[in-house]
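Dear colleague,

Please find below the structure that I am handing over to you.

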Amino acid sequence: MSELSTDANQQLRFALLGPLQAWRGDECLELGPVREQALLACLLLRPGRTVSRQQLLGGVWGPEPPGTGDKVIPVYVHRLRRRLDAPVIETIPGGYRFAPASAAVDVARCEEIAAEGRSAREAGDLGAAAEAWSRALELFRGEPLAGVPGPFAEGERLRLAERRLVLVQEKVDCQLRVGQHADAVGELYSLTTAHPYNEALAAVLMRALHAGNRQADALDVYAAVRRRLVDEQGVEPGAELRRVHEAVLRGDDAFLLGTTTAAVPIGPSRHKRPPRHELPVEIGNFTGRERELGLLATPADARVVSVRAVDGMAGVGKTALVVRAARALRDRYPDGCLFVELHGHREDREAAGRQRVLRRLLRAVGAGEGQDSEDLDELAASWRAATASLRLLVVLDDAARAEQVRPLLPAGPGSMVLVTSRRRLTGLDADRRISLSPLGIDEAAGLLTRIVGGDGSDRERAAVRELATLCDRLPLALRIVGARIQDRPLWAVEDLVARLADGERRLDELAVEDRSVEAAFRISYDQLPAPEQRAFRALGLSPTVRLDRLTLAALLDGTPPEAGRRLESLADASLVQRVTADRYRLHDLVAAYARRVAVASPDEDAAGRSGVFRLYAAAARCASDWGTSSPTGPRGTGPFADWEEATVWLDAAGGELVDVIGRAAATDHLDEACWIAEGVVDYLTRQGRFHECRTALEMLLPLAGRAADRRMVSALRTGLGMMYGLQGRYEQARACFTEALDISRRAGDPREQAMAAAGLGTFANLAGRIAESMTHFAEVARLVGELADDDWLTGSVMTRVGDIHHQLGEYDKAYDRYLDAIAVAEKTGSPRLHGKTLLRLGGLQLDLGRPAEAVGTLGKAEDLARRLGDVPLYSAVLGRLATAEANLGNLQAASELRNRSRAMLDEQTGTASEIAIRHRLIWHGAVAEDLAGARDFFERGTALPDADANRARISRVLDDIGRRRGGR
């Protein structure tokens with residue numbers, strides 16, 4: 001690990017080119033279980049990039065995630081942070097990120113050294129190149145990520161193993177060319193034994209043996225490989241290995257030792273003029289892109305023409321990347337390196353015609369035949385004939401479409417074509433495709449620093465980093481900004497930061513002379529068909545950066561399949577980025593341009609915004625436990641089949657729900673904002689996202705009086721009370737519920753009165769005020785009797801009634817009430833009510849001494865809690881299951897369940913634990929209170945119907961309750 005040596009600052013070092021290990025100084029750190037190591041690897045191998053919980057879940061567990069879903073991810077991250085004791089894993093909106101500046105990683109160091117080798121080879125210093133690649137190979141300590149599980153680790157293991165083989169081949173090639181063949185043979189024998197079907201390794205070994213005058217051994221290698229391929233695979237060796245075999249037989253030192261096998265054609269070249277090298281001047285401050293360069297510059301198959309395509313948004317640096325890769329590859333192509341600008345996305349030039357480009361290419365290779373023809377097919381045939389015996393590197397820059405490229409492909413085996421386009425050229429057969437994204441923040445800041453210069457002070461570095469962020473890390477924007485402030489004082493940098501921070505002005509600032517970010521985006525937009533232009537304008541109205549086909553369908557008032565096709569087309573045009581199987585995002589600058597073009601079509605604005613906000617309201621209500629029972633606002637479940645589908649959709653929105661609500665309120669869609677906020681109370685609190693819930697509700701409370709839906713004034717206060725109560729902040733909850741109850745009484749709204757009174761009763765019970773709780777639930781019972789069909793509220797009351805009977809030791813009555821509530825929850829499809837009531841029923845069965853029954857009941861509750869992602873409920877269920885298993889004598893299972901329950905609570909800041917402790921104290925102390933009068937009132941007030949036949953009797957009971965209350 002000498003290449004990863006560190007100084008006295010004790011910087012963390014990670015090694016992945018072998019078993020995953022970490023050091024601080026000389027101390028080897030314990031990294032925990034292999035699943036946690038797999039999660040760490042997922043972050044380390046994506047330095048500086050945001051990795052979502054779903055990506056981590058899929059990378060570690062694949063198609064079989066744990067029962068807790070992605071709720072386990074924060075637990076693992078917490079444990080890793082504790083073990084590493086360094087700020088290397090950052091929590092950011094959308095997921096987590098490894099901060100590469102805070103630690104050294106052997107994979108990154110390997111690529112740095114490999115880049116030194118490539119530079120040395122390009123400069124003609126082959127000895128230095130071989131020495132650099134040897135140092136890079138020394139970092140490998142065995143199989144990369146050995147023993148680390150998961151699909152991501154397996155894919156990276158294969159990639160890194162392949163990378164090692166490529167480095168060996170490049171190193172040996174240089175060693176052979178400087179006469180160091182003896183150093184290579186032993187290593188090659190070892191590798192060919194480990195990779196018996198790798199023909200490229202066998203070819204290099206044969207060349208090394210020939211260089212050491214061991215022709216017989218070289219021929220034996222060929223014979224052994226051929227025998228293996230024929231006997232076990234039924235195929236003959238490929239063209240490259242056969243050519244090496246023939247060269248050994250001929251004793252062709254020029255072919256075997258003069259250069260790499262991929263770079264020297266067999267037989268005399270028919271090229272009559274000196275080869276042309278047309279690559280444009282390379283910019284001196286090219287930054288980053290090591291992974292992409294590695295993919296593009298890997299040696300190609302000498303038997304075929306290789307096509308490698310790079311696509312990406314305007315200004316992302318496609319041309320710079322391809323030119324850098326072409327320079328690294330140029331020595332392998334003795335017949336020339338040609339560069340053609342196709343002008344697929346230029347305002348000042350038409351796209352280059354294929355006939356004109358073919359005539360230019362024919363002239364470049366010195367082929368006069370066929371140049372004067374106007375027929376495309378004849379010109380293409382002449383080009384193929386002229387290049388059939390050549391090994392060329394051809395760069396086709398800025399293609400508009402695949403059909404523009406196909407006739408331009410050369411015919412000579414071993415030739416390579418590098419193509420760039422803003423569009424993903426799916427109609428082009430390419431052996432490698434790279435979709436280029438903006439730079440990472442460290443690379444972007446580094447590029448801007450090299451352009452700007454400056455004194456390197458902390459203040460300047462902070463300003464430059466902020467500029468890079470405001471430029472969305474887009475190389476074109478970075479170069480424009482760099483040109484504007486180059487060699488300017490610090491105040492000029494900070495002034496530009498302030499101007500770019502204004503989202504409405506940002507695009508105006510990103511222009512200099514003939515370069516403009518907005519103009520680059522406009523070309524892409526203008527080339528879209530009309531339906532895609534309409535869809536792109538609609539994206540400018542989206543309240544979130546990430547979206548899916550449902551969002552776009554709501555914005556367009558169209559169907560999800562049609563919206564999906566529009567998003568795919570926009571992704572192919574690099575105007576949106578596909579981030580998961582069904583989610584897309586706009587980069588910040590593209591989003592700014594989308595908003596700008598949307599403003600030009602005001603008639604589309606109001607309808608689009610209303611549609612998308614109603615979609616969020618439908619999702620929030622469908623995902624909430626009370627479902628669509630709210631009497632005002634959108635009816636039905638929208639495009640969602642059930643609560644699980646709506647929950648998954650909201651999960652994908654991540655932390656943007658508060659932004660959606662804020663955008664709705666800011667754009668005069670106040671009712672929709674209130675409906676969304678009301679609906680997400682249940683969704684957010686069951687996930688422990690109390691801060692988001694409180695932020696949304698407190699933002700809207702001062703505005704609720706202006707909403708057309710007058711119910712929202714009390715409903716939002718009830719929601720805030722629920723949130724406070726679930727945090728154990730009972731006094732704040734009581735104040736909110738009391739205020740909501742007063743408002744709803746004045747408004748004559750029985751449902752909102754019942755909701756507020758139920759909240760007061762629930763949390764009075766948890767606070768130990770049992771008699772007060774009974775009084776509130778008696779009022780709820782009376783109010784529910786006035787409501788026609790609010791089954792959810794009825795079921796909720798039944799659960800709380802069962803709780804109080806349970807607390808009073810009246811187990812038979814509690815049992816009946818819980819069964820009533822479960823029946824209502826199943827009927828209404830209310831999973832949280834169902835799960836909470838099953839939890840209570842399981843607890844009652846434990847108190848009755850029936851632990852086997854409790855295990856079955858609690859097992860059903862566990863499944864619901866897991867599907868809900870309800871962390872407090874899930875933790876409570878696991879705790880009860882632990883008790884049941886212990887009562888059955890299964891102590892090991894009980895211990896495991898208790899540990900899982902505690903692990904869940906670790907992420908909930910202790911709140912759920914405090915509530916559980918308080919609840920147990922109340923439970924055992926309730927019977928000490930004088931409850932005689934209150935109990936009678938409670939029992940009579942909560943005798944709710946089981947069937948229509950009982951309605952008359954219940955009506956008399958409710959009348960009696962009313963008389964009793966009037967006489968008090």
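Beyond its neighbours within four places in sequence, Pro 475 is in contact with Arg 289, Gly 315, Val 316, Gly 317 and Leu 439. Please note that this is a predicted model. Pro 475 belongs to helix H19, which covers residues 475–485. With a relative accessibility of 9%, under the 20% limit, Pro 475 counts as buried.

The loop that leads from helix H18 (458–470) to H19 contains Arg 473. Most residues other than glycine have a negative phi. Arg 473 has a relative accessible area of 26%, so it is partly exposed. A second case is Asp 668, also not a glycine, with a positive phi of about 65°. Asp 668 sits in the loop between helix H29 (657–666) and H30. Its relative accessible area is 70%, and Asp 668 is therefore exposed.

I turn next to the nonpolar interior. In soluble globular proteins, nonpolar side chains tend to be buried together. The largest nonpolar core here has 166 residues, and those with the most contacts inside it are Leu 467, Val 481, Val 517, Phe 521, Phe 536, Tyr 616 and Leu 700. Which helix gives the largest share of this core? That is helix H30 (residues 670–686), with 10 residues. Leu 700, leaving aside neighbours within four places in sequence, is in contact with Ile 661, Ala 665, Leu 670, Ala 673, Cys 674, Ala 677 and Leu 716. Another core, of 82 residues, lies apart from the largest one and includes Leu 20, Cys 42, Leu 57 and Leu 205.

The structure holds 10 aromatic pairs. Trp 61 and Tyr 76 are both buried. Elsewhere, one aromatic cluster is formed by Phe 521, Tyr 525, Phe 536 and Tyr 593. Phe 521 and Phe 536 are also among the residues with the most contacts inside the largest nonpolar core.

As for the strands, S10 (residues 416–421) is mostly covered, with six of its six residues buried. Met 416, Leu 418 and Thr 420 point one way from S10, whereas Val 417, Val 419 and Ser 421 point the other way. S10 pairs in the parallel sense with strand S7 (residues 306–312) over six bridges, and Ala 309 stands opposite Val 419 of S10. Strand S9 (residues 393–399) also pairs with S10 in the parallel sense, over five bridges. There, Ser 421 in S10 is the bridge partner of Ala 399.

A further sheet is open and consists of three strands in the order S14-S16-S15, with antiparallel pairing. Which strands stand at its edges? They are S14 (546–547) and S15 (577–578); each has a single partner strand, so one side of each is left without a neighbour in the sheet. S15 and strand S16 (residues 584–585) run antiparallel and are joined by two bridges. Gln 577 stands opposite Arg 585 in S16.

Finally, some individual side chains may be of interest. Arg 118, in helix H4 (residues 106–122), has a relative accessible area of 10% and is therefore buried. Not counting residues up to four places away in sequence, Arg 118 touches Trp 133, Arg 163 and Glu 290. The structure holds zero disulfides. Among the cysteines, Cys 471 is buried, with a relative accessible area of 0%, whereas Cys 28, at 42% relative accessibility, counts as partly exposed.

With kind regards

Key:
Residues numbered from 1 in each chain as written. Predicted model: local features only at pLDDT ≥ 70, side-chain atom pairs only at ≥ 80, totals over all residues. Heavy atoms only, no water. Phe/Tyr/Trp six-rings, centres within 6.5 Å; stacked < 30°, edge-to-face > 60°. Buried < 20%, exposed > 50% of the residue type's maximum accessible area, 1.4 Å probe, protein only. Helix = DSSP H or I, 4+ residues; strand = E, 2+ residues; numbered from the N terminus. Pairing = 2+ DSSP bridges. Disulfide = S-S within 2.5 Å. Contact = heavy atoms within 4.5 Å. Core = buried A, V, L, I, M, F, W, Y, C linked by side-chain atoms within 4.5 Å.
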